[in-house]
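Me: I would like to learn how to read a few features of a protein model. Please take them in turn.

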Amino acid sequence: MSPNLTFDDLKSQVASGEVDTVLVCLVDMQGRLMGKRFHAGHFIAGAWEETHCCNYLLATDLEMATPDGYASTSWENGYGDYVMKPDLDTLRPVPWLEGTAMVLCDVLDHHTHKEVPHSPRAILKRQVERLDAMGFDAMTATELEFFLFEKSFDEISKGGFRDLTPISAYNEDYHILQTTKEEHVMRPIRNHLWNAGLPIENSKGEAEAGQEELNIKYSAAMNTAEFHTIAKHAVKEIAWQQGHAATFLPKWHHDKVGSSSHVHQSLWKDGKPAFVDADDKLGMSDLMKNYMAGLLKYAPDYTYFMAPYINSYKRFMKGTFAPTRIIWSVDNRTAGFRLCGEGTKAIRVECRIPGSDMNPYLAMAGMLAAGVAGIEDGLALQEPTVGDVYQGDTGMIPGNLKAARDTLHGSKMLRAAMGDDVVDHYTRAAEVEIEEFERVVTDWEIARGFERA
């Protein structure tokens with residue numbers, strides 16, 4: 001694994017002709033990379049200090065539409081500029097694109113040069129800083145699940161996204177034979193990302209035909225969000241280069257298993273795990289119990305950040321390894337929160353609620369805010385659930401986007417942790433998604449009622 005590039009490294013590579021293009025990117029509300037391709041000579045001459053973008057980039061939907069209702073920007077106020085401030089600590093090579101490097105940017109107000117509060121990087125940074133003030137480092141890891149398909153993005157799009165055929169014909173969970181057939185895609189993903197400075201651990205077949213999982217070593221929360229975002233982007237580009245499509249849609253077919261993005265988390269203090277207590281029966285410190293109690297109590301509040309679209313909620317079904325209830329259990333893969341590494345220094349909590357479509361900056365910010373609230377309030381952790389966790393009378397994860405939107409809007413905890421402007425901004429984003437869906441006539445409605453209604 002190569003380290004990130006220094007600015008001097010970049011200058012040398014530009015001078016030698018090894019690099020001629022720099023991707024200058026921000027992370028949008030959907031967790032995608034948006035930005036510009038700079039000639040590397042111009043970037044090192046001055047653009048490394050700042051560039052600009054339209055402020056609608058943090059107020060659009062997946063289709064890049066410009067819906068009304070946002071306080072930050074609108075047709076009434078005109079669409080002005082944001083400053084994109086390259087964070088040179090994120091400068092890295094992009095080995096799957098010839099002659100290319102990449103840098104991520106903080107998004108600043110054009111007039112005040114202060115960070116835009118609803119920028120995903122700013123939202124996570126604020127929660128990391130809260131923990132830092134308490135003396136803790138947030139360590140996290142994410143798992144990326146996705147599907148590979150036989151055809152390319154263009155072929156699938158021209159076919160109306162119908163008759164989709166995965167790259168394999170059977171459940172390939174942990175299969176070596178089937179995943180060997182997919183190495184023309186997965187091997188370059190692992191190797192290119194490793195050479196881009198991401199601590200890739202492994203890839204494996206997941207629990208459905210054509211489903212893959214990519215695992216990246218745990219790191220500080222801001223690093224993890226960066227790794228996740230870049231890896232997700234790379235998976236799509238590398239699959240495209242090989243003539244295939246990759247999707248992070250949580251539920252692409254009602255008969256197929258969904259794709260998740262589990263988030264592992266722990267707090268460290270002075271370079272040592274703070275969730276460990278060797279004298280506890282499960283090895284959990286009181287701090288960990290408070291943190292987990294916060295995760296559980298406020299799970300409905302931040303569900304939108306883990307499941308931001310209509311489709312996200314199609315994954316939450318009984319008997320699918322996707323959680324439906326707000327409970328925790330010891331090493332139980334059907335629980336919303338799973339205790340991993342019990343009795344060891346690797347003890348941690350895995351949140352299994354997020355889907356593969358999550359924005360990692362927003363999802364982790366919501367979790368950290370809930371954990372901090374649990375610590376500050378000294379919340380007591382309930383006993384772990386045993387048996388079939390799809391049964392019982394525990395609290396439920398919001399069952400649809402409207403319910404998640406309503407809980408987000410009314411969350412006193414998140415308003416205190418993130419600010420009213422941030423909560424209102426993403427509440428509006430949820431409303432936009434709902435409004436767009438409600439005006440569309442689906443294939444299911446037509447097939448069900450065309451003759452029989």
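Predicted model: local features only at pLDDT ≥ 70, side-chain atom pairs only at ≥ 80, totals over all residues.

Me: Which residues of α6 are buried?

Reply: An α-helix has 3.6 residues a turn, so residues three or four places apart point the same way. Buried means under 20% relative accessible area, exposed over 50%, and partly exposed in between (1.4 Å probe, protein chains only). Helices are DSSP runs (H or I, at least four residues), as are strands (E, at least two), numbered from the N terminus. In α6, the buried residues are V185, M186, P188, I189 and L193. They fall within an arc of 165° seen down the axis of α6, so they line one face of the helix; the arc is that of the directions from the helix axis to the C-beta atoms.

Me: What is the distance between the closest N and O atoms of D173 and K204?

Reply: A salt bridge is a side-chain nitrogen of Lys or Arg within 4 Å of a carboxyl oxygen of Asp or Glu. For D173 and K204, that distance is 2.8 Å. The pair links distant parts of the chain, 31 residues apart, with K204 in strand β8. K204 counts as buried because its relative accessibility is 14%, whereas D173 is partly exposed at 28%.

Me: Is V441 buried or exposed?

Reply: V441 counts as exposed, at 57% relative accessibility. V441 lies in the loop between α13 and α14.

Note on methods:
Residues numbered from 1 in each chain as written. Heavy atoms only, no water.
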